[in-house]
Amino acid sequence: MGDVALGARSGHDEPEERPGKPVESPAALTDESAGVPGPAGTPGSDGSDGSWGAEGGSSEGSGTGQKKQRSFWKELPLLIGIALLLALLIKTFLVQAFSIPSDSMQNTLQRGDRVLVDKLTPWFGSEPERGEVVVFHDPGGWLDGEPTPDPNAVQKFLSFIGLMPSAEEKDLIKRTIAIAGDTVECKKGGPVKVNGKALVEPYIYPGDTPCDDQPFGPFKVPKDRIWVMGDHRQNSQDSRYHMEDVNGGFVPVDKVVGRAVVVAWPINRWATLPVPDTFDQAGINAAAAALPAAPAAMGLAGALPIVLWRRRRLTGGRTAG
């Protein structure tokens, strides 16, 4: 009978009290019976010291472990977006690729060459210099009647961000021969002259003459204008052929996109585009240098009599006193 009563009472959730042994809570019994380790340092039911729960198992159960790294495929769109943004910024402010569509700059540039154009220096007020190969927007009908390519959507997008040469913009590429303040001319059978100095032009296409097909000048290049010519003189519709347009054949400086600095493609055509030595000869800069100096000289000449008159007046006043 006593055993039956004891068994009936043990059916409740309360643990049996025994002398000399602390009562364990139902939660602790449940944990140990399930084989789940308790807090760090508490022995488990399997006789272990509980260190497993302190190191590895508890981090998974509590959710307080290290953050999971993002999947590569989730980060890929972000990386692509950053790359496209950088490409757009580079194309807008630093460097842009252009494709050569004609033979007007042979042999310096061949049809199909890709050139990289420096667009950064114009942002700091730099203007084209003699001898530089420059890309410029059509200054006024130079490309009228010329066929324009019809790119697809992908080509348009790649051109927009600068990963492909522009296909829609009406741009030209020529060599700068004379700048503002220069006097430029070329007579049939003779060389091109800038400020009276004859240019030795090794870059002209073999067999071409400097200007026999279209002589010009002499005339002075206006302010903020440049005079340009193609290296393939007998196959270039350059400044000489547009002297009757609104700009008189000159190209406004604000139409210049930038200077072509290198042939980047194809690989076997890789080359830089330096300024030829003929534009560094002594005396060629004399006229252009005199242009900004003239107003200063005239101002000095006009101010001198006033200074002398004021000095005499002050001296006379002190003498009379």
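Good morning. The structure before you is a predicted model, and every value I mention is computed from it. I shall begin with the chain as a whole. Six helices and twelve strands make up its secondary structure. The chain has 321 residues, of which 29% count as buried. Its exposed surface comes to about 20600 Å², and carbon and sulfur atoms supply 59% of that area. If we take the contacts with a separation of 6 or more, 70% of them are between residues 24 or more positions apart.

Let me turn to the strands. In general, the strands of a sheet pair through backbone hydrogen bonds, either parallel or antiparallel. Here, four strands form an open sheet in the order 7-6-5-8, with antiparallel pairing. Strand 7, residues 197–198, and strand 8, residues 216–220, stand at the edges; each has a single partner strand, so one side of each is left without a neighbour in the sheet. For strand 8, we can look at the pairing with strand 5: the two run antiparallel and are joined over three bridges. Within these strands, Val184 stands opposite Phe219 of strand 8.

Next, please find strand 3, which covers residues 133–137. How many of its five residues are buried? Four of them are, and the strand is thus described as mostly covered. Strand 3 pairs with strand 4 in the antiparallel sense through five bridges, and Val134 stands opposite Lys174 in strand 4. Strand 3 also pairs with strand 11, residues 256–265, again antiparallel, over three bridges. In that pairing, Gly258 of strand 11 is the bridge partner of Val135.

I come finally to the nonpolar cores. As a general point, nonpolar side chains tend to be buried together in soluble globular proteins. The largest nonpolar core in this model has 17 residues. Which of them have the most contacts inside the core? They are Ile177, Val184, Val192, Leu199, Phe216 and Trp227. Four strands each supply at least two residues of this core: strand 4 (171–179), strand 5 (183–186), strand 6 (192–194) and strand 9 (225–229).

Terms used. Residues numbered from 1 in each chain as written. Predicted model: local features only at pLDDT ≥ 70, side-chain atom pairs only at ≥ 80, totals over all residues. Heavy atoms only, no water. Core = buried A, V, L, I, M, F, W, Y, C linked by side-chain atoms within 4.5 Å. Buried < 20%, exposed > 50% of the residue type's maximum accessible area, 1.4 Å probe, protein only. Contact = heavy atoms within 4.5 Å. Areas by Shrake-Rupley, 256 points an atom, 1.4 Å probe, with all protein chains shown as cover. Pairing = 2+ DSSP bridges.
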